[in-house]
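Please examine the sequence and the three-dimensional structure shown here before reading on. The paragraphs after them lead through the chains step by step.

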Amino acid sequence: MKLVVAVIKPFKLDEVKAALEGVGIQGLTVTDARGFGRQKGHTEVYRGAEYQVELLPKTRIEVLVDDEAADDVVKAVVAGARTGAIGDGKVWVLPVEQALRIRTGEMGVDAL
Amino acid sequence: MDTGDTAFVLISAALVMFMTPGLALFYGGMVRAKNVLATVMQSFFTIGLVSVLWVLVGYSLAFGPDKGGLIGGLDYVGFANVGQAPNPDLSPTIPHIAYACFQMFFAVITPALITGAFAERMKFSAFALFTTLWLLIVYAPLAHWVWAPGGWLREFGALDFAGGTVVHMNAGFAALAAAIVIGKRRGFLKEAMLPHALPFTVLGAGILWFGWFGFNAGSALAANGLAATAFIATNTATGAALLGWCLVDWLKRRKTTTLGAASGAVAGLVAITPAAGYVGPMGAMAIGFAAGIVCALAVGLKYRFGYDDALDVVGVHGIGGMLGALLIGVFATTAVNSAGADGLLAGGGLTLLGKQAVAVLVTLAFSGIVSFILLKLVDLVVGLRVSEEEELAGLDIGEHEEAGYAFTEGGGGTAPMPAPAPASSSATIRVPQGDSA
């Protein structure tokens, strides 16, 4: 099993979700996040005072998938999240030792 | 007695009342989310507090029979002798009680304006005590000097149609004293203190603009041409000031800001207040445009001089009120109001400008110095500032045991007290040091 984690632009969430549904994922966790990458934030100005806001609002998504599905899921995230501009975010894949569905007690791939 | 005048003044009084909840939104949007209730409460509570003080003794001190040009006598304590018949010296065509009601809401909004300076760090108890003392010891005498028959500034010949000195300069320089006495917010200029809900602020500015028609046109105390003159002067100045502030924003960064537009509108309303019944629409336009530009630059003064006037009461109300009071000396014309005077452009020479300058200096000194003393006194009695922990966690929980925004069912967003953000966590700040003034 793999855990696919992505940090994306918040307004791309709907497209990413649609793309993920297109490759048949069964579930998704979404968290509001803040962070910065190489682009280092943006400027806000209030009554002439300039603030360099370095932590931007981002959306973090997590998808738990079967090993074989991981590549397709990554591709779907990229397809949904990419604008080509700086700040599009990142996707990474982690190995997962175990998973368990709380209601039924099913384990492993059956729990996905 | 004139029923039309009476109806107009009572409705104007209600319009002026509505300005203070508008101010609550205007200020509430500019503070951080953890202080929104404490900020809104300071304005809203003032409506109740000053309404009671005004009936008990405030009105009498301000508008009671003159004692030596300095203060009103106690004849109107508890609104005794404030009856349904007109008082010919104050308002010959409306009931005396209608005049007293109209004046009440000026007394309400003035101390509420000051709260922007000490926002996000003053104890509620200190605020309530200061507001009480300030209303009776600073506001009531100054209102007497400027507006009451026999008041020395009125007899001297200084003009203030609707409260440029009594309300705005008075609040603005009390605000300067407050910012100095209470000190800076923790983290000022080290961490970002961004407005949390500017739509509140823009809506608040809109409510202020609406209510201000009661403030200025209502100050004619009659449903007549002078009221209409003040109405168009008010609106024209406000529009021009909005444009002026946006122009400054645009020249700096090629962007306009909504906070700039809202602030510009308020600056225009402030500046036209003393002049609304003495200038024509073109004079009003000039005053408003000047106010938009000057106040957009004046809000940078706090960075240069190092005082934390959190919501720019000094820059908008102090400087805007001063500008309006002085520009009466330039743009006033008796063609608009025969009870006024001719300023520089109407061939009146420098006489009126000189008198206006005296009124400005007197207001600035009296308000600044007495407010300073009162704040020091309140600091001794109850302490002005909340604790450092409370300031970091927010005054909503600390002072009121409530949260402004509850996004989960487990209680408000800030309870229990969250760890403070490290000082340099999320922003670097560049303030207008060199390009102000």
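**A guided reading of the two chains**

His42(A) has Val53(A), a residue of strand E4(A), as its bridge partner. The structure is a predicted model, in which local features need pLDDT of at least 70 and side-chain atom pairs count only at pLDDT 80 or more, while totals for chains, interfaces and linings use all residues. Residues are numbered from 1 along each chain as its sequence is written, and chains are lettered from A and ligands numbered from 1 in the order in which they are written. Helices (H or I, at least four residues) and strands (E, at least two) are DSSP runs, numbered from the N terminus.

Strand E3 (residues 42–46) and strand E4 (residues 49–53) of chain A pair in the antiparallel sense over five bridges; two strands count as paired if DSSP finds at least two bridges between them. These strands, E3(A) and E4(A), form a hairpin with two residues between them. Most residues other than glycine have a negative phi. Is Arg47(A) buried or exposed? Arg47(A) counts as buried because 23 C-beta neighbours lie inside 10 Å. A residue is buried if 20 or more other C-beta atoms lie within 10 Å of its own, exposed if 12 or fewer, and partly exposed in between, with C-beta atoms placed from the backbone.

Chain A also holds an open sheet of four strands in the order E2-E5-E1-E6, with antiparallel pairing. Strand E2 (29–35) and strand E6 (89–95) of chain A stand at the edges, each with a single partner strand, so one side of each has no neighbour in the sheet. On average, neighbouring strands of this sheet are turned by 20° against each other, direction ignored. Strand E1 (residues 2–8) of chain A pairs with E6(A) over seven bridges, and Val7(A) has Lys90(A) of E6(A) as its bridge partner.

Two helices lie across strands of chain A. Helix H1 (residues 13–22) of chain A lies across E1, E2 and strand E5 (56–65), running at about 10° to E5(A). Helix H2 (residues 70–81) of chain A lies across E1, E5 and E6, at about 10° to E1(A). Such axes are lines fitted to C-alpha atoms, for helices over the stretch in contact, and angles run from 0 to 180 degrees between N-to-C directions.

In chain B, helix H13 (residues 351–381) has 31 residues and reaches 45 Å from its first C-alpha to its last, close to the 45 Å expected at 1.5 Å a residue; the expected span is 1.5 Å times one less than the number of residues. Among the buried residues of H13(B) are Leu352(B), Gln356(B), Ala359(B) and Thr363(B). An α-helix has 3.6 residues a turn, so residues three or four places apart point the same way. The cover over the buried residues of H13(B) includes helices H4, H5, H6 and H12 of chain B.

Where the chains meet, the contact takes 20 residues from chain B and twelve residues from chain A; two residues are in contact if their C-beta atoms, placed from the backbone, lie within 7 Å. On the side of chain B that touches chain A, E3(B) gives the most, with four residues.
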